[in-house]
Structure formats: structure tokens, C-alpha cells
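Dear colleague,

I am passing the structure below on to you, and after it I set out what was found. Please read it with the sequence at hand.

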Amino acid sequence: MPTTTLRRAAATSLTALLGGAAALALPATAQAAPAPAAPRAAAAPAPAAGGPTIIRRPVVIAHRGAAGQAPENTLAAVDRADALGFDWVENDVQRTKDGELVIVHDDSLARTTNVEELFPDRAPWKIKDFTAAEIRTLDAGSWFGPAFAGARVPTLKEYVNRVDRNHQKMLMEVKNPELYPGIEKNIADVLDQEGWLDRSHVLYKLVMQSFSADSVRTFHGLRPEVTTGFLGTPALADLPQYAAFTDQINPQHGTINAAFVKAVHSLRGPQGKVLQVNTWTVDDAVNTKKVWDYKVDGIISNKPDVVREAMRQP
């Protein structure tokens with residue numbers, strides 16, 4: 001069976017990105033829920049005498065696509081993650097002046113495009129102040145390297161269609177929702193139009209997350225069947241409140257330990273499933289092994305191939 005086919009078959013065996021750590025040794029991807037190859041942390045219970053030893057590995061999620069090897073949040077980054085063998089990609093969604101949803105991390109276009117050159121009098125170059133047509137003219141690849149010159153800022157529609165074409169999965173962040181009232185419904189409408197709210201996508205290929213608890217709660221209210229994730233590290237005493245509206249707690253890796261992960265796993269989310277933990281942004285072997293030992297369910301990385309290799313080491 002070809003490598004790609006093997007990877008897809010293995011990935012299908014997951015109940016969902018973040019429905020539980022998968023017993024796999026495949027190169028899966030990304031953050032960031034969301035969500036959906038890994039290390040040693042979630043070791044399975046000791047098998048019966050004579051039975052095989054199963055190592056449960058976190059899912060590896062390509063942060064903003066394979067952002068260490070291609071310009072973040074572009075279709076090139078999605079394709080690079082696919083070429084590396086990762087199913088899960090993480091991205092960020094914001095809204096233009098005329099209501100188009102686009103995939104960009106910062107609320108300004110300055111860092112990752114040539115907007116200052118083309119529109120020198122439009123500082124501070126906020127996404128919300130530009131139309132989709134204006135953003136379409138920008139070069140979103142040259143800043144990363146000449147090989148990516150001419151890459152464009154993708155719309156949400158273009159992005160999800162590329163992910164689908166690659167048979168990948170998506171951990172999508174609602175970015176800066178306070179700047180875009182109603183963006184949760186806008187996103188849900190586009191996902192619905194593009195076929196991403198059918199049973200297959202909802203169960204196995206889609207996680208919505210945000211740093212804003214209100215945004216996560218809003219999206220859960222709109223589409224309670226969709227897996228959601230809260231980006232952050234709530235106090236242990238507050239975790240039950242989050243479990244009312246989110247299926248994942250997705251913290252920065254330096255803010256957690258094994259006790260925190262265990263506390264999250266002790267709760268069930270609004271869909272009745274054990275809460276999951278996807279941690280970010282892990283780009284080296286030392287921290288990969290550390291969070292694996294914490295028994296996280298997913299690792300979000302700019303360098304998913306580095307994380308995968310670290311999990312293959314004894």
C-alpha cells in the first residue's frame with residue numbers, strides 16, 4: 001500500500017482529532033482543538049500476559065501549516081504539511097473590511113505580506129481595514145523566501161477546499177473575535193457551504209478553537225456538534241466551568257505539567273467525551289518528550305517533522 005494510503009488509513013482509525021489520544025505511530029498533524037504521530041507520554045495500560053505493547057502517541061498538528069518550512073497560513077504551508085505526511089493543520093481566521101474570511105495570524109498584514117510597499121499610506125495595515133480584493137494583490141510568500149514569491153493570503157473557502165483536496169484535517173482558530181462581531185456565524189456559514197459541517201467532517205476532521213472563552217461558547221451554541229477548544233491554561237478550580245462549553249483545553253506547553261493534564265482528563269465536555277489537551281508550540285525534542293510524558297493528546301508544532309522524529313527515539 002502506498003505511504004499516503006497507509007497514512008490515511010491509520011488516521012481514519014482515530015475517533016476524532018481530539019476525541020482521544022490515538023494508538024498510532026503514523027505521522028499525523030495540527031494547535032492549534034480544533035483540532036487533527038507522537039511520543040511516549042500516554043502509554044497504554046499494561047497488556048495482558050503475552051499481548052503486544054501499545055504506545056499511545058499524541059497527534060501532531062502542523063501549526064499554521066508546516067510554518068517552519070513554508071510561509072505560515074498559506075496554501076503552500078498546507079501542501080508542505082501534506083508532503084511531510086501530516087494530516088492535521090492549524091490555522092487562523094479573520095475578516096476583511098467587506099466581510100470576506102481570510103487566513104492570517106496577525107491582525108495586521110505588515111509582517112507576512114508586502115502591504116507596506118503596495119499601500120504605504122495605510123498604516124497600521126489592519127486586516128479589518130482592507131477589502132478582500134486589496135488583500136488578494138499582496139505577496140504573502142516572499143518574506144519567507146524567494147521560492148514562495150507570489151503566494152497569496154487564502155480565503156477561508158480556498159483554504160478548506162485545499163485541506164479537503166489533500167484529505168487533511170483542520171484545527172481552526174477564531175482569531176481576534178472581539179474585532180469581528182458575529183465572525184463565529186460567518187465561519188459556520190462558510191463551513192456549511194463548503195461541506196465541512198457534514199457528519200464525516202464534524203466527527204473526524206474539524207476542531208474550532210479560540211483564546212476567547214466567549215467565542216468558543218458562541219460557536220458551541222451555534223453548532224454544538226462541532227468539537228471546540230479553549231486556548232489557554234485555566235486555573236484547576238475553573239476547569240469544570242470550561243467543560244460546559246468546550247471539548248478541549250489547549251495550553252502553551254510551558255504552562256502545564258502532568259497534574260494539569262490529569263485534571264483536564266478527569267472531566268467530560270459538553271459532548272460527553274473526556275476533555276482533551278493539545279499543547280503548543282513545541283518545536284524541539286526535549287519539550288516533545290516532556291509533554292509526551294504529561295500524556296497530552298496533541299502537540300501543535302511549527303516543525304512537526306522534528307516532533308515526529310523525537311517521538312521515534314527511545
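How many helices and strands are there in the chain? There are 12 helices and 9 strands, each being a DSSP run numbered from the N terminus (H or I and at least four residues for helices, E and at least two for strands). Please bear in mind that this is a predicted model, in which local features need pLDDT of at least 70 and side-chain atom pairs count only at pLDDT 80 or more, whereas totals for chains, interfaces and linings use all residues. Residues are numbered from 1 along each chain as its sequence is written, and side-chain values use heavy atoms, with hydrogens and water left out.

Of the 314 residues of the chain, 55% count as buried, meaning under 20% relative accessible area with a 1.4 Å probe and protein chains only.

One of the buried residues is E173, with a relative accessible area of 3%, and E173 is found in strand β4, residues 169-174. Leaving aside neighbours within four places in sequence, E173 is in contact (heavy atoms within 4.5 Å) with E90, N91, D92, V93, Q209, S210, F211 and L231.

The other finding concerns helix α6 (residues 183-193) and helix α8 (residues 213-222), which pack at an angle of about 45 degrees with their axes 9 Å apart; axes are lines fitted to C-alpha atoms, for helices over the stretch in contact, and angles run from 0 to 180 degrees between N-to-C directions. The contact is made by E184, K185, I187, A188 and L191 of α6 and by S215, T218, F219 and L222 of α8.

With kind regards

Conventions. Buried < 20%, exposed > 50% of the residue type's maximum accessible area, 1.4 Å probe, protein only.
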